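Me: I have a structure to go through. Can we take it in short questions and answers?

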Amino acid sequence: MRNDSPWSMATESSAVAVAGDANSTEPWSARVRALTRLGRHRESLALLRHGDPSPPPHALALPASVISCAALSLPSSVAQIHALGAKRGLLPAADAYLLSALLTAYSRLGSLRLAHQLLDEMPLESTPHTTLRTAFNSVISGCALHALPVACFALFHRMRAAAVRFDAVTLLALVPAAPLSVVPQVHALAARVGFATETSVANCLISTYARGGAFGAALARRVFDEMPLASRDLVSWNAVLSAHAQNGLAVDALDLYRRMRSPEGGGVEPDAVTIVGVLSSAAHLGALGVGFDVEHYVRQRLPGFRTNVQLCNALINFHARCGSLPRAQQLFDEMPRKSIVSWTALLTGHGMHGNGDVAVSLFERMVSEGIRPDNVAMVGLLSACSHAGLYDEGRKYFSTMESVYKLRPTLEHYTCMVDLLGRAGRLEEARELISSMPMPADGAVWGALLGACKIHKNVEVGEEAFANVVELEPRNAGYYVLMSNIYTDTGQLDNVARVRAMMRERGLKKEPGCSYVEHKGRVHLFMADDHSHPQARRIYELVIRLELMVKEKSSGVRESEVAAAKGRMEKAAAQPLVGIHSEKLAVAFGLLNTEAGSEIVVIKNLRVCGDCHSFLKVVSATTNRAFLVRDASRFHRFDGGVCSCKDYW
């Protein structure tokens, strides 16, 4: 026998002890099966070899032995039992249990050639259909396990050609293995025979569609909605919720969570997987109320949550991204075991708030505790240095990525460095870095340089960056807007018109600004110049009064300006006003609906403009309110007339 033979896997004394157990009244074959079922695979194989069975090994013991060989990764031993079964006339198709065990073992161990050979030896005409279906399912599952979709579907076509009916087990192997373009065809086939709404198959379809982006999430939602209410289990809810959360459809994910917790959920209780998806969406939207309710549920119903690293990481990320850094820090400190994701979530949170020194200290502490940084952690660190203007620190960490941390810089790291250099006004140094990159710069790298040129009103470098970025991403309207703004800031109105003409010719439109505010558990969305909110009239009137107040505080107000402001208020009563950014509307809503002294949290999809930044500083000083605004890149906390970014953003 070879060294991996089952007979060599246990000592003689062990075998005798098991085989000669005087307290056992079970038949010999039942004891083999019991040992396998208990996971005592070496003892099971030792008993098969060294026992004194009467009658000799047969169909009741051999399938269990095959399972033990597979569990111990002994492919040649599986082949030996295969040979023994054939010698005793149990194969190729006389014994369905042994056949299934062999095919499953071969498939899991990667011996697909032997699995196909055994399948080929089966007499199709005389083998029961249930046995054939089990055989085909085993080999299809094996091919799927080893990422061989072509082989999976070749076997499936062969199965159908042999008039062998497929079942849910077949579909559970085929659906995840299928290319996304093929999944709807498999889905249609499943629907035709009534399997598509079966819980396990529907759950599999939902999870597979989720890989297809927003369109895939819509298909996943359709499968879910077509399931009978009684068929939806926890896996169903988690799959459809994750499909939306992972594809940026945060509002839909939170809506699904509310449905799950309502009577429509049928009493299905969320678990840690559900909570992670919900917290991710709540963090994306800045839905503080939802996130706090979820955390309350976690503390009440999942008392051991601190040992669930993934769940704690989701909570830390939620609090950090929603502006509650002390709470994120507390959760971090309470964790008995931290992963690199835990450190990165907290580090990135401090970076978003402009706390670069804290982020650097966290990074150094992480390294001192023996946790090796990965590429994501380095992106968070470099971004934190950029937001805080820590030029020297950023340069140091970037230059030591390979030598100290064995990490090769990627495009994301170069983007962070160009952003850091550009914000610091070192535009020529940023250009030199781009030219020295070992890979071609992508749109994000050139876009970072273009954004820096907007900050520093540098037309020459901006035009170079713009030429490169629109060649790489010609459909990204944001870059055209940036270049147009650079020309506007430098008084080059002809060039402004030229860039806008380019946008019209290419059918591009500026992404509309939008801001979210949560109030009493509901997220209120405001678009620029939006008049759909029930309180729109009061909101616009307040914005006009605030703008007048800001002018008065900044430079004094002439009587003509007061009259103009009154005219705008009268106009607002008659027809919609335009030219008002979404964050001003969101702040006005917050002022109208919260008590003095409270903090108003606003989440914005675009970068805060200079005008709104100045506006919010003055308003925070005169209304006894603090405004925490998360824009596309960082947090700004306006309180008492100053911003936490120190006007460096």
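Reply: Two strands pair if DSSP finds at least two bridges between them. Keep in mind that this is a predicted model.

Me: In which sense do β3 and β4 pair, parallel or antiparallel?
Reply: Strand β3 covers residues 599-604, and strand β4 covers residues 626-630. DSSP needs at least two bridges for a pair. β3 and β4 have 5 bridges, and the sense is parallel.

Me: What is the hand of the β-α-β crossover from β3 to β4?
Reply: The chain leaves β3 and passes through helix α34, residues 610-622, to reach β4. With the strands pointing away from the viewer, a clockwise path over the helix counts as right-handed. This crossover is right-handed.

Me: Are the faces of β4 covered or open?
Reply: Ala626, Leu628 and Arg630 lie on one side, and these are buried. Phe627 and Val629 lie on the other, and they are buried too.

Me: Which residue in β5 is the bridge partner of Leu628?
Reply: β5 spans residues 635-639 and runs antiparallel to β4, with 4 bridges. The two strands form a hairpin with 4 residues between them. The partner of Leu628 is Arg637.

Me: Why is helix α2 said to be largely enclosed?
Reply: A residue is buried under 20% relative accessible area. In α2, residues 28-37, the buried ones include Trp28, Val32 and Leu35. The helix is largely enclosed by the rest of the structure because the buried count is 8 of 10 residues.

Me: Is Asn238 buried or exposed?
Reply: Asn238 sits in helix α14, residues 234-245. Leaving aside neighbours within four places in sequence, Asn238 contacts Asp271, Val273 and Thr274. The cut-off for burial is under 20%. At 9% relative accessibility, Asn238 is buried.

Me: How many disulfides are found in the whole structure?
Reply: A search of the whole structure gives 0. For Cys322, the nearest cysteine sulfur belongs to Cys514, 15 Å away. For Cys645, the nearest is that of Cys643, at 3.4 Å. A disulfide needs sulfur atoms within 2.5 Å, and the number found is 0.

Me: What is the relative accessibility of Cys645?
Reply: Cys645 is in no disulfide. Cys645 counts as buried, with a relative accessibility of 5%.

Methods. Residues numbered from 1 in each chain as written. Predicted model: local features only at pLDDT ≥ 70, side-chain atom pairs only at ≥ 80, totals over all residues. Heavy atoms only, no water. Buried < 20%, exposed > 50% of the residue type's maximum accessible area, 1.4 Å probe, protein only. Contact = heavy atoms within 4.5 Å.
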